[in-house]
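Let's look at a protein structure together and ask how its features get their names. Here it is.

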Amino acid sequence: MAYQRVLLKLSGEALMGDLGYGIDPAVVAGIAQEISDVIKSGVQVAIVVGGGNIFRGVKASAAGMDRATADYVGMLATVMNAIALQDALERIDIATRVQTAIAMQEVAEPYIRRRAIRHLERGLVVIFGAGSGNPFFTTDTTAALRAAEIDADVIFKATKVDGVYDADPKTNPNARRYTSLTYNHVLSHDLRVMDGTAIALCKENNIPIVVFDLSVNGNIVRSVQGEPIGTIVGGNYEVS
């Protein structure tokens, strides 16, 4: 495998499949199986999961809800997704721990960096819920932060598109997909790979980001193996 310790960033929308809302158990089971294949290859896996399939704080804030309150509700949504993913993993005998940035010890461990690293070293999957525990920060920023804290080799951002484009491929048929990018190019061209704070954190800690399509079966394993799928962002790459 190309990496020893990875952080997988899953959007909440990825868990709902073709449903308009909530969690599709079949989709979650498929993701769990792919993560199982990675774990069995000896790679350590940490996960940050979003909550957009249940609640989006930015939309609620735009509709009049206090932004901090909306973000806290969104954090709770990520915990629901984390627990659902934990259940799917443990049903196929992959030991998993959920750690949350907001204390809720009846359902999850509190986030403790050294404990998380110890779990990873023992071969457990660690899922980080409740974002960073602070409003006004996205789960993309949480992914970058946790990756730096646990010394992950790479961040895999699993999305509904097969990489990063120079324009929206849904509206522009001439949009071109990048195979590689630099942090500076992403920031200066506002490519929305992740939010600016997350990109800056990755740049400061030299953590590459791989963006790929989660809906293609086997893409998680192929990414960990180092196959050139999607788009990779990092300080040692050129814009191509």
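**Rings, charges and a sheet**

Arg146 lies over the face of Phe128, at 5.8 Å from the ring centre. This is a predicted model, in which local features need pLDDT of at least 70 and side-chain atom pairs count only at pLDDT 80 or more, while totals for chains, interfaces and linings use all residues. Residues are numbered from 1 along each chain as its sequence is written, and side-chain values use heavy atoms, leaving out hydrogens and water.

Q: What makes Arg146 count as a charge over the ring of Tyr111?
A: A charge sits over a ring if NZ of Lys or CZ of Arg is within 6 Å of the ring centre and within 35 degrees of the ring normal. The charged end of Arg146 is 3.8 Å from the centre of the Tyr111 ring and sits over that ring.

Q: Why are Tyr111 and Phe128 called an aromatic pair, and which kind is it?
A: Rings of Phe, Tyr and Trp (its six-membered ring) pair if their centres lie within 6.5 Å; planes under 30 degrees apart count as stacked, over 60 as edge-to-face and the rest as tilted. Here the centres are 5.5 Å apart and the planes make 80°, so the pair is edge-to-face.

Q: Where in the chain do Tyr111 and Phe128 lie?
A: Tyr111 is in the loop between E4 and helix H4 (113-121), and Phe128 is in strand E5, 17 residues apart. Helices (H or I, at least four residues) and strands (E, at least two) are DSSP runs, numbered from the N terminus. Both Tyr111 and Phe128 are buried, a word that means under 20% relative accessible area, with exposed over 50% and partly exposed in between (1.4 Å probe, protein chains only).

Q: What makes E4 and E9 the edge strands?
A: Nine strands form an open sheet with mixed pairing, in the order E4-E3-E5-E2-E1-E6-E10-E11-E9. Strand E4 (109-110) and strand E9 (180-181) each pair on one side only.

Q: How do you know that E2 and E5 pair?
A: Two strands pair if DSSP finds at least two bridges between them. Three bridges join E2 (residues 44-49) to E5 (residues 125-129), so these parallel strands pass the test. Ile47 has Ile127 in E5 as its bridge partner.
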